[in-house]
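Let's take a friendly walk through a protein structure, one piece after another. Keep the picture open beside the text and follow along.

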Amino acid sequence: MSSLAIISTLIRRELRTAARTRGYYLLGIVVAGTLLGLTVSGGGAATGYIPTVVDLLLPLEVLVPAVAVAIGYRAIPSDLGRGEVAMLNTYAVSPSAYVGAVYLGRAAVLSAIVGGALFVVGLVVAVAAAPDTGVFATHSGVDSPILFARFLVVTLLFGNAVVAVVLVASIAVASTRTAIVAAIGAVLVVVVGGEAAILLGVLDGVFSEATLRLVLGFIPNSAYRGLVFETVVGVLSPGASGYASPLVSVAGLLLWTGGSLGAAVGLLRWRIE
Amino acid sequence: MTNFDSTDSQQHHATGDGATAVVTTTGLTKAYGDRPIFDDVDLDIAAGAMTAVIGPNGIGKTTLLKTLLGHVDPTAGTVTYTGPDVDRPMGYLPQEPAFRPQFTVSETVDFYASLVDAAVDTEELLCEVNLYEARNRRVSALSGGMRRLLAVGQAVLGTPPVVCCDEPASGLDPSMAQQVFESLTRRAADGMAVVVASHTLSLVEMYADHVVILESGGVAAAGAPTDLIGRYDAADLWAVYDAAIDPAAGDGSATTVGAPRRGDKPTDQDTAVSGGPTDSGGDR
């Protein structure tokens with residue numbers, strides 16, 4: 001049996017599991033309701049996509065990791081606890097195929113929840129905002145749904161990196177109950193700890209302006225914020241950018257995703273032996 | 001994810017009774033830090049037979065099974081698989097099996113069946129493990145015993161040459177436990193090497209072709225149930241077990257309330273057995 005066939009079978013299992021988990025529907029409604037509430041109450045809906053992005057950026061830095069923890073912390077510890085990983089171990093399922101499939105399945109769930117909620121927000125802005133937001137192609141300086149689509153893509157890139165961090169943290173502990181603590185702890189360390197380290201570095205003069213732009217790209221939240229500033233908000237005011245390198249930020253998020261998944265595979269091998 | 005210390009599909013070993021060994025362990029030793037689990041265990045797991053591993057709780061039966069499966073690395077020694085080169089050489093029934101509660105029995109079996117190359121008649125499999133009537137029931141609605149039956153079905157799925165079952169009868173009523181052993185016996189008759197770790201000595205005595213009694217440090221005795229009973233001049237397998245096992249073995253609770261079920265113990269035979277052989281060397 002090919003690895004591709006096995007991975008697709010495992011991904012289908014993840015998606016069917018998610019589709020039958022009522023809590024995820026509730027989570028989707030809560031996320032969509034929260035984002036819509038912030039959009040309407042912040043005035044972004046009436047003024048355009050970019051004001052909406054500015055309104056939602058900070059809440060999403062908290063909300064997206066929370067969703068990632070909710071959908072990711074139980075996936076592998078539950079399979080370990082039930083003995084399903086041990087059973088799968090007797091099939092031609094490698095730890096990397098298993099972890100990869102669980103990740104892709106859970107990332108798809110996060111994308112559906114967060115992406116769906118942002119899509120609804122985008123529709124609301126399209127209906128409620130000023131008429132000049134209907135421009136699809138022009139030189140910089142005009143609000144556009146394309147910019148909001150970029151924001152959506154960058155948000156999912158950030159969210160899926162956090163899902164990978166949650167998965168590796170959840171495998172490191174012994175039970176499902178402790179997995180949620182580990183997942184939240186890991187996200188806090190990565191998010192708060194990373195930014196605090198940068199702040200201390202700046203205060204102590206460790207980072208110059210040039211190195212700071214580089215370092216910011218390697219902390220998930222900073223990378224996300226930097227990408228939004230540089231590729232979405234900054235487009236409206238050319239020349240005023242310089243928060244973080246978009247390339248480094250994308251590389252940073254992909255590194256967190258790949259590094260976490262690699263560590264998750266190694267930890268899983270260790271757990272089942 | 002199956003792996004072995006040594007694999008040689010060409011070389012075939014013979015067991016003591018002439019059957020073909022599909023898994024052979026040589027000097028198998030496992031310790032967790034300073035705590036030895038078993039030491040220098042040599043076993044030949046025969047194709048077409050049921051091998052039962054019995055012993056007190058905490059003595060290392062599960063670890064031995066996991067070592068055979070390649071899930072646990074031995075501290076020393078080797079496990080050699082000499083069976084056919086298939087995508088799933090070994091099936092496994094864990095001690096406390098469970099499945100994703102969101103799926104039905106049928107969907108669960110279909111999922112695992114989709115992971116093997118061989119075509120699987122899932123309806124026939126569900127009939128074999130007595131779950132056909134419950135095939136549309138969610139796993140969350142199954143009793144513990146039914147979940148174990150589902151796990152038995154999963155273990156033999158795709159007809160692997162070897163299947164390791166950890167407590168296949170645990171949590172089942174006597175009739176269902178007997179059915180599980182009968183089902184595994186039929187699989188063995190079809191050529192599968194069935195390894196069970198069990199505390200249900202009456203079923204082991206009835207169905208196993210080969211019994212390995214583990215005690216602290218390794219194998220206390222091994223052989224066909226009738227041979228062991230004859231060797232120890234015992235009335236039944238429980239009496240053999242009682243004579244072969246050091247009362248201090250296991251995790252402390254094992255020899256008083258742990259291992260065999262009370263129904264297996266002929267209490268009036270303790271005295272008779274105590275006069276039997278005390279050599280715990282067995283086939284070690």
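Predicted model: local features only at pLDDT ≥ 70, side-chain atom pairs only at ≥ 80, totals over all residues.

Two packed helices are described by the angle between their axes and the distance between the axes.

| Helix pair | Angle | Distance between axes |
|---|---|---|
| α4(A) and α9(A) | about 150° | 10 Å |
| α7(A) and α8(A) | about 150° | 9 Å |
| α2(A) and α7(A) | about 30° | 9 Å |

Start with helix α4 (residues 49-72) and helix α9 (residues 176-203) of chain A. Their angle of about 150° makes α4(A) roughly antiparallel to α9(A), because angles over 145 degrees count that way. The crossing of these two helices is right-handed. On the α4(A) side, the residues that meet α9(A) are A:P65, A:V69 and A:G72, and their partners in α9(A) are A:A183, A:I184, A:V187 and A:V191. Sorted by class, this contact has 6 nonpolar residues, 1 polar and no charged.

Next come helix α7 (residues 95-128) and helix α8 (residues 145-171) of chain A. Their angle of about 150° makes α7(A) roughly antiparallel to α8(A). They pass each other in a right-handed crossing. Among the α7(A) residues in this contact are A:R106, A:L110 and A:V114, while those from α8(A) include A:F148, A:L152 and A:V163. What classes of residues does the contact of α7(A) with α8(A) have? There are 15 nonpolar, 6 polar and 1 charged.

Helix α7(A) also packs against helix α2 (residues 22-42) of chain A. Here, too, the crossing is right-handed. From α2(A), the residues taking part include A:Y24, A:L27 and A:V31, and they meet a set in α7(A) that includes A:I113, A:V114 and A:V124. This contact is made of 14 nonpolar and 3 polar residues, with no charged ones.

An unreviewed UniProt entry annotates "transmembrane region" over several spans of chain A, including residues 23-50 and 56-73. In the model, residues 23-50 of chain A are 93% helix and 0% strand, and the C-alpha atoms at the two ends are 31 Å apart.

**A closer look at one glycine**

Now find A:G226, which sits in helix α11 (residues 220-233) of chain A. Is A:G226 buried or exposed? A:G226 has 26 other C-beta atoms within 10 Å, and 20 or more count as buried, so A:G226 is buried. Leaving aside residues up to four places away in sequence, A:G226 touches A:L216, A:G217, A:Y243, A:A244 and A:S249. By contrast, the C-alpha atoms of A:G226 and A:L80 are separated by 37 Å.

Chain B has 10 helices and 11 strands. Of its 284 residues, 51% are buried. Take the contacts in chain B between residues at least 6 apart in sequence: 73% of them join residues at least 24 apart.

How many residues of chain B are in contact with chain A? There are 24, and they touch 21 residues of chain A. Strand β7 (residues 90-93) of chain B gives the most to this side of chain B, with 3 residues. By class, the side of chain B that touches chain A has 12 nonpolar, 6 polar and 6 charged residues.

Key
Residues numbered from 1 in each chain as written. Chains lettered and ligands numbered in written order. Contact = placed C-beta atoms within 7 Å. Helix = DSSP H or I, 4+ residues; strand = E, 2+ residues; numbered from the N terminus. Nonpolar A, V, L, I, M, F, W, Y, C, P; charged D, E, K, R; others polar. Axes fitted to C-alpha atoms, helices over the stretch in contact; angles between N-to-C directions. Parallel < 35°, antiparallel > 145°, perpendicular 65-115°, else oblique. Left-handed = near helix turned anticlockwise from the far one by under 90°. Buried ≥ 20, exposed ≤ 12 C-beta atoms within 10 Å, placed from the backbone. UniProt positions renumbered as here; feature names shortened; annotations may be inferred.
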